[in-house]
Amino acid sequence: MKTIQTVPFTGTKEQEQQLLAWLDDHADEDGIALQSLQMTQQIYGYIPKEAMITIATVTGIPLSELYGITTFYSQFRLFPIGEYKISVCLGTACYVKGTQAVLDKLISTLGVEEGETTPDGKFSLETCRCIGACGLAPVITINDDVYGRLTANEVERILANY
Amino acid sequence: MSENVTLTINGISVTVPSDATIIEAAFKAGVRIPTLCYLKDLNAIGACRICLVEVAGARGFQAACVAPVADGMVVNTNTPALRNSRKGTLELILSNHRSDCLSCPKNTECELQSLCYEYDVDMYKYGNTDPEPDIDDSAVHLIRDNSKCILCRRCTAACEKNQHVSVIGLSQRGYDTHIGSAFEMPLSETSCVHCGQCIVVCPTGALTERDDTDKVWAALDDPTKHVVIAPAPSVRAQLGECFGMPIGTNVEGKLAAALRRLGFDNVFDVDTAADLTILEEGTELLHRVKEGGPFPLITSCSPGWIKFCEYYFPEFVPNLSSCKSPQQMFGALTKSYFAEKIEKDPKDIFVVSVMPCTAKKFEITRDHQSANGVPDIDVSITTRELASMIKRAGIMFDKLEDEKFDDVFGIASGAGHIFGATGGVMEAALRTVVEIVTEQKPESLEFTDVRGVEAIKEAEYDLNGLVVKVAVTSGLENAYKLLNMIKNGEKEYHFVEIMACPGGCVNGGGQPTQSGFVRSTIDLRAERAKALYNEDIGMELRTSHENPTIKELYETYLEEPGSHRAHELLHTEYMTREIYK
């Protein structure tokens, strides 16, 4: 069975008040599930489980349905963006040059899947399609740093810089 | 009122209401359109693409479960193109379905399997591409294996629409789409109430009950154990289905005989304990009438309902009857009264119950269900599990001569039998309470107002000036509606019966598998209940308080209903729970 680990919740009282106030104004409207999730992401930068439970409790929309919507649309994030955002290019050039092996190594080293953030909030792991540096394939970026002509063996050394 | 329209299906003319769908019209015309996701009144979403039909003049095939009928419509369900389409769809479903059919618990009862057989499907059209098992076995009552799930969404529909629980839903999308709980929580960490309604609608082996029969075999093979078994009221009305008998066949005599042949030291009947429940619960009702509440008193026989109440209506927990369920009363008395009778240490008595219910597997693990220092019940198996034991033991069930249950807990009244259908507990209670209050037999023992499958049934009885208002409901979505009406003061009752499963135990989560086609064309709830009401009407003993076993029990052991000893053995406590932790 697939399991996901959540990042410790660091939401503030103000953020919760903001969400509750919005829900208070809109709870009776039809079809607010999607909007309430968009509002949550605007407030928190992602959709924390705690905020989703608040929506479920206030609106009566089951948590399973909110989770279903969140995981259906790629606009939603279940994890905050980490301090360092790792983007692995899966564009054609990088892919044929073996970027999958680099991604696999990142997944096993960090212990998180694509789209997730390490529990300490340090790294988030994402994939992207072509950053226009095909000459350096395979490429990853960590925030603004670009690493090219990579092999899986170099992953640990690079991560140690952060 | 919608108007009627007439259409032609495979050349057969049929008239149906204008808001019907093609599949409803086809069933009426005697044409079976195959489907894997459709369930009447519950799930019509066009997901499985098996029910595609040709409609003259329409572009492309139409999904019959969602396509509305129209006057003069010409439909064909059996053309070469459709047969080819269905076969292709089935082969695609198989390409990521783990097909371990020979060791699958749903083997021979799987709707996917039988359709693949009908359509002469090539199981390995796309090679041997079986996914790895993807199992959640965290819950006490069921196993989910998503590698056998075909995403028909019947389970999520049952969970949401019938039961108002919604602990499972559809997550992710595209190839990653799967059934699961929010944040991929194991089912045991959600507010699942263990009703098993998801299991009985699952067309494949993705959802099955946790099989506890090995524990029963082990006890039977253990010479130090005195092994006792007793079936619930509704088991006798459904077990026959597992042996090819018509729905609604009462097999009580064969059931007792089969249990004896399996080697149980005593074969008892939970129905006797159902009679006992009426005496205890009736006394509790009269006590509350005297004390002025709290009203309504709500029945506590259905463990799925109890857990639902603890999660979703904690304010009604004080209204729950403190009576244990008949299963637990039976276990408690077997390990006290009966243990003393046969001079055995309760630790050496192993009690098995056969239940229409998967929530009973949870109930036996609850606190305050171990009256004599040992669990009241050791193992609770479903009707389906019992059928598999009978088959494995080589017992020719249909050839068995009828036998009776053993003496100590072997006699039950008609009131005890009807416990298995919605309204049955209420009717059984009324038969006794009316006689106690009015000090005379009611004119008729049939309280038909509380029978049937309507969502919420109400009745009012004037007992020599004491007006008793009652309500009966089943299915937790209906319970949710009823309790909200009581909560906001719209309705007032003295006594309410709630059963978790729609139609009561006869449609319980542990009952024999019936295909979506059967479920969509027959009202299982009503047909199965008939077996219980027919048994009741043919009986001389029809009220719980006249049951000689119960009388003897009170005279020699329990003293009187609601006594100190009765409270120790037969009553329990509840808690409140949080939906989201």
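The buried residues of helix α18 of chain B pack against α7 (235–238), α14 (414–417), α15 (424–438) and α17 (516–521) of chain B. Packing here refers to contact, which two residues make if their C-beta atoms, placed from the backbone, lie within 7 Å. The buried residues of α18(B) are B:Leu524, B:Arg528, B:Ala529, B:Ala531, B:Leu532, B:Tyr533 and B:Asp536. A residue is called buried if 20 or more other C-beta atoms lie within 10 Å of its own, exposed if 12 or fewer do, and partly exposed in between, with C-beta atoms placed from the backbone. Helices (H or I, at least four residues) and strands (E, at least two) are DSSP runs, numbered from the N terminus. Helix α18(B) covers residues 524–537, and its 14 residues reach 20 Å from first to last C-alpha, close to the 20 Å expected at 1.5 Å a residue. The expected span is 1.5 Å times one less than the number of residues in the helix. At B:Lys530, α18(B) bends by about 25°; the bend at a residue is the angle between axes fitted to the seven residues ending there and the seven starting there.

The model is predicted; local features need pLDDT of at least 70, side-chain atom pairs count only at pLDDT 80 or more, and totals for chains, interfaces and linings use all residues. Residues are numbered from 1 along each chain as its sequence is written, while chains are lettered from A and ligands numbered from 1 in the order in which they are written.

Chain B is assigned domain 1 (4–78), domain 2 (105–208) and domain 3 (215–570). Such domain bounds come from an automatic or database domain assignment. The centres of domain 2 and domain 3 of chain B, taken over C-alpha atoms, are 29 Å apart. In the contact between these two domains, 19 residues of domain 2 of chain B meet 24 residues of domain 3 of chain B. On the side of domain 2 of chain B that touches domain 3 of chain B, the elements giving two or more residues are α4 (154–162) and α5 (197–201) of chain B. Of these, α5(B) gives the most, with 3 residues. By class, this side of domain 2 of chain B has 8 nonpolar, 8 polar and 3 charged residues. Ala, Val, Leu, Ile, Met, Phe, Trp, Tyr, Cys and Pro count as nonpolar, Asp, Glu, Lys and Arg as charged, and the others, Gly among them, as polar.

B:Tyr480 is placed in helix α16 (residues 476–487) of chain B. B:Tyr480 counts as partly exposed because it has 17 C-beta neighbours inside 10 Å. Leaving aside residues up to four places away in sequence, B:Tyr480 touches B:His164 and B:Tyr312.

Chain A is divided into domain 1 (13–72) and domain 2 (84–159), with 32 Å between the domain centres, taken over C-alpha atoms. Chain A has 7 helices and 4 strands, and 28% of its 162 residues count as buried. Helix α2(A), residues 33–44, has 12 residues and reaches 16 Å from its first C-alpha to its last, close to the 16 Å expected at 1.5 Å a residue. In α2(A), the buried residues are A:Ser36, A:Leu37, A:Thr40, A:Ile43 and A:Tyr44. They cover an arc of only 125° around the axis, which puts them on the same side of α2(A); the arc is that of the directions from the helix axis to the C-beta atoms. An α-helix has 3.6 residues a turn, so residues three or four places apart point the same way. The cover over the buried residues of α2(A) includes α1 (13–26), α3 (49–59) and α4 (63–72) of chain A. The face of α2(A) turned away from its buried side carries the exposed residues A:Gln35 and A:Gln42.

The contact between the chains takes 17 residues from chain A and 17 residues from chain B. The peptide bond from A:Ala137 to A:Pro138 is cis, with omega near -5°, and A:Pro138 is found in the loop between β2 (123–128) and β3 (140–142) of chain A. B:Arg153 has a positive phi of about 70° although it is not a glycine.
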